[in-house]
There are 2 protein chains.
Amino acid sequence: MEIKVLQDILSANEALARNNRKLLDANGILAINIMSSPGAGKTSLILKTINKLKGKAQIAVIEGDVASTIDADKVQKAGIPVVQINTEGGCHLEANMISKALSSLSLKDTDLLLIENVGNLICPAGFALGEHKKVMLLSLPEGDDKPHKYPAMFTQADVVVLNKIDLRSLVDFDVAAFHQAVTGVNIKAKIFEISCKSGEGLEEWLSWLNDELALIRAKARK
Amino acid sequence: MEIKVLQDILSANEALARNNRKLLDANGILAINIMSSPGAGKTSLILKTINKLKGKAQIAVIEGDVASTIDADKVQKAGIPVVQINTEGGCHLEANMISKALSSLSLKDTDLLLIENVGNLICPAGFALGEHKKVMLLSLPEGDDKPHKYPAMFTQADVVVLNKIDLRSLVDFDVAAFHQAVTGVNIKAKIFEISCKSGEGLEEWLSWLNDELALIRAKARK
């Protein structure tokens, strides 16, 4: 009985996610779902990406948080259209929330939609939003054992970004063991090592993002 | 309809939590529910506490994780009875899981039960386990804005432990602003600043724990 209810929720979410995806594709928008623990650096990655791609791509942001507009305020200060979703206790974004947010963004003026999910390494994995790519962010101070402890999130990620790499000499984190652990659950995931603070490694991330943007644009032209 | 189901789940959990509490009280056991984001240092705090209190108190540990026995293995190596609960996707511990774990521990040989919840800053807040105290752990790299963004967890905490304080000169974290933010949502919470790595600040934490142990023992003697 309990499982049946969950299946119903998921299929309703899947249907809404597919609608979102169609709307995004029709407008040639690349949508990225960024997921991580609280404080791993999702907003910092978004702000760095805005800073580097401003003028080259039209960016919009959807911010998901249990409460507050702290992150949306930072994005707005960067001069980028942003919608804040407050889940009021909910531990993940869902496709219906994204659907509502899309209706309040100017889609024809958007190339790249960055969606910051609620800070949580478990629940967001179960809910498609209609995104093209799932990006899983982990920060060095969280520890290299996380792919073993939170396998669902790492299994689904298209890209794993390892942030706060500038702290590598100060915290216990075995980067090689982490790569092995990620590859063990997800052979296809790309892994980028970055520091949003120092800027280290951001070029590879931006290069990947630009390639994905080019693909979406090429498809939209057909 | 959806809200009704949630209320049913919570009241069933509350009833089971009350049973756990009675069983703990009857055996003079202090139970602490330790909650945090992934990688904030719950296991490190438990291992440090074991190291400092071994011989002075009889400790047992319940480890909650989505998957793996990584943390339980560490506790077992320290020579302490430990039960691993794998939630298999579940984002928090529930009272029925603790009830089962208690039945496999030797309660008459236990003074202090440390329960490590699933790494998650949202979901565990909604589920009582029967614990006497809720300890909320935050680590410096997560950022000082977390009480605003995850208010439920901070509102319910009896104790807030700020870990990885040894990184204070290396990460952007305003300790005074954090104290203000915690006090803003929870005037009664005690706040300890510690580093499980350097050992800094652990004495205050242990002193509080010893006081609580003395209270439970005094009650059990009556």
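The expected span of a helix is taken as 1.5 Å times one less than its number of residues, helices (H or I, at least four residues) and strands (E, at least two) being DSSP runs numbered from the N terminus. The structure is a predicted model, in which local features need pLDDT of at least 70 and side-chain atom pairs count only at pLDDT 80 or more, while totals for chains, interfaces and linings use all residues. Residues are numbered from 1 along each chain as its sequence is written, and chains are lettered from A and ligands numbered from 1 in the order in which they are written.

Helix α2 of chain A comprises twelve residues (42–53), which should span 16 Å at 1.5 Å a residue; the end C-alpha atoms are 16 Å apart, in agreement. Buried positions (20 or more other C-beta atoms within 10 Å of the residue's own, with C-beta atoms placed from the backbone) in α2(A) are Lys42(A), Thr43(A), Ser44(A), Leu45(A), Ile46(A), Leu47(A) and Thr49(A). Just after α2(A), a positive phi of about 90 degrees is adopted by Gly55(A).

In chain B, strand β6 (residues 159–163) is largely enclosed by the rest of the structure, because five of its five residues are buried. In a regular strand the side chains alternate between the two faces of the sheet. Val159(B), Val161(B) and Asn163(B) lie on one side of β6(B), with Val160(B) and Leu162(B) on the other, and both faces are covered.

Strands are considered paired if DSSP finds at least two bridges between them. β6(B) pairs in the parallel sense with strand β5 (residues 133–139) of chain B over five bridges, Ser139(B) standing opposite Asn163(B). Parallel pairing also joins β6(B) to strand β7 (residues 190–193) of chain B, over four bridges; here Phe192(B) is the bridge partner of Val161(B).

Conventions
A residue is buried if 20 or more other C-beta atoms lie within 10 Å of its own, exposed if 12 or fewer, and partly exposed in between; C-beta atoms are placed from the backbone.
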